[in-house]
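Take a moment to turn the model around before reading on. The paragraphs below walk you through it piece by piece.

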Amino acid sequence: MALNNDEKQQNKPIEHNELAHKSLLQSDALYQYILETSVFPREHPCLKELRKMTEKHSRNYMAIPADEGQLLSMLIKLTNAKNTLEIGVFTGYSLLSTALALPSDGKVLALDVSREYYELGLPIIEKSGVANKIDFREGHALPFLDELLQDKNNKGTFDFVFVDADKDNYLNYHKRVIELVKVGGLIGYDNTLWSGSVAAPSDAPMMDNIKHLRGYVIELNKYLAQDIRIEICQLPVGDGITLCRRIS
């Protein structure tokens, strides 16, 4: 039986260029409306400059979209966060969103395996006037988190944690940052809908990278859903973000 156009669309492999707008909204026009009406008019000039610079990078898909940056900024302010942690920085759009939202005495500890990417955005971050709020550390995050946990004084000290790094370690990150964030604090995990693949059949056509890491994202989502130490809210912003509020 021949497929109609809608069925053909549903059965198409997920292509990278179809994810360029970093949203799971089915309507590009609707997503553009959100950006042009609510996001871009409020975007800080340095965030805009950093976004435009990053768009030219061959790995621009690693950056969070502007609407997600706006969400992070709002969460920082709503929770009155002052001490934050970011795992996965890339060129720094989410990092700058956080630093701009923090009060003058706020701090963000930023971890990434690549200083090279961070330094691409650093001149813009410095121009924004908030570089003093950032403590960037280069290296693998898990050993660094383990080191933090060795000192009991670090436990429960972070108000907000944002994780946007290697998906195959998300569960390992959670098992550590849940001890580092305070009761009542927030953890945000990016890419938890993973290009929509989490709801697709395992044999559905998809990019190799999406398929390879899909199982890890699904594993994290299941774990978070049953973790009694947190309340969760999974939002279809960007590529999916799950917010976890520690309650015990």
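Predicted model: local features only at pLDDT ≥ 70, side-chain atom pairs only at ≥ 80, totals over all residues.

**A walk through the model**

Residues are numbered from 1 along each chain as its sequence is written, and side-chain values use heavy atoms, with hydrogens and water left out.

Where does serine 197 sit? Look in the loop between strand S5 (181-190) and helix H9 (208-226). Helices (H or I, at least four residues) and strands (E, at least two) are DSSP runs, numbered from the N terminus. Serine 197 has a relative accessible area of 0%, so it is buried; buried means under 20%, exposed over 50%, and partly exposed in between, using a 1.4 Å probe and protein chains only. Leaving aside residues up to four places away in sequence, serine 197 touches Met206, Ile210 and Arg214, where a contact means heavy atoms within 4.5 Å.

Arg214 takes us to helix H9, which bends by about 40° at that arginine. The bend is the angle between axes fitted to the seven residues ending there and the seven starting there. How does the helix's span compare with what its 19 residues should give? At 1.5 Å a residue, H9 should span 27 Å, and its end C-alpha atoms are 29 Å apart, which agrees; the expected span is 1.5 Å times one less than the number of residues. Ile210, Leu213, Arg214 and Val217 are among the buried residues of H9. The buried residues of H9 pack against H8, S5, strand S6 (230-235) and strand S7 (241-246).

Next, the aromatic rings: the whole structure has 3 aromatic pairs. Rings of Phe, Tyr and Trp (its six-membered ring) pair if their centres lie within 6.5 Å, and planes under 30 degrees apart count as stacked, over 60 as edge-to-face and the rest as tilted. Phenylalanine 90 and tyrosine 117 have ring centres 5.1 Å apart and planes at 75°, so they are edge-to-face. Phenylalanine 90 is in the loop between strand S1 (83-87) and H5, and tyrosine 117 is in helix H6 (residues 115-128), so the pair ties together parts that are 27 residues apart in sequence. Both phenylalanine 90 and tyrosine 117 are buried. Tyrosine 170 and tyrosine 189 have centres 5.7 Å apart and planes at 50°, so that pair is tilted. Here helix H8 (residues 170-180) holds tyrosine 170 and strand S5 holds tyrosine 189.

Helix H6 also holds isoleucine 124, which is buried with a relative accessible area of 6%. Not counting residues up to four places away in sequence, isoleucine 124 touches Cys46, Glu49, Leu50 and Met53. As for helix H5 (residues 93-101), 8 of its 9 residues are buried, so it is largely enclosed by the rest of the structure.

Finally, step back. The protein chain comes to 9 helices and 7 strands, and 48% of its 248 residues count as buried.
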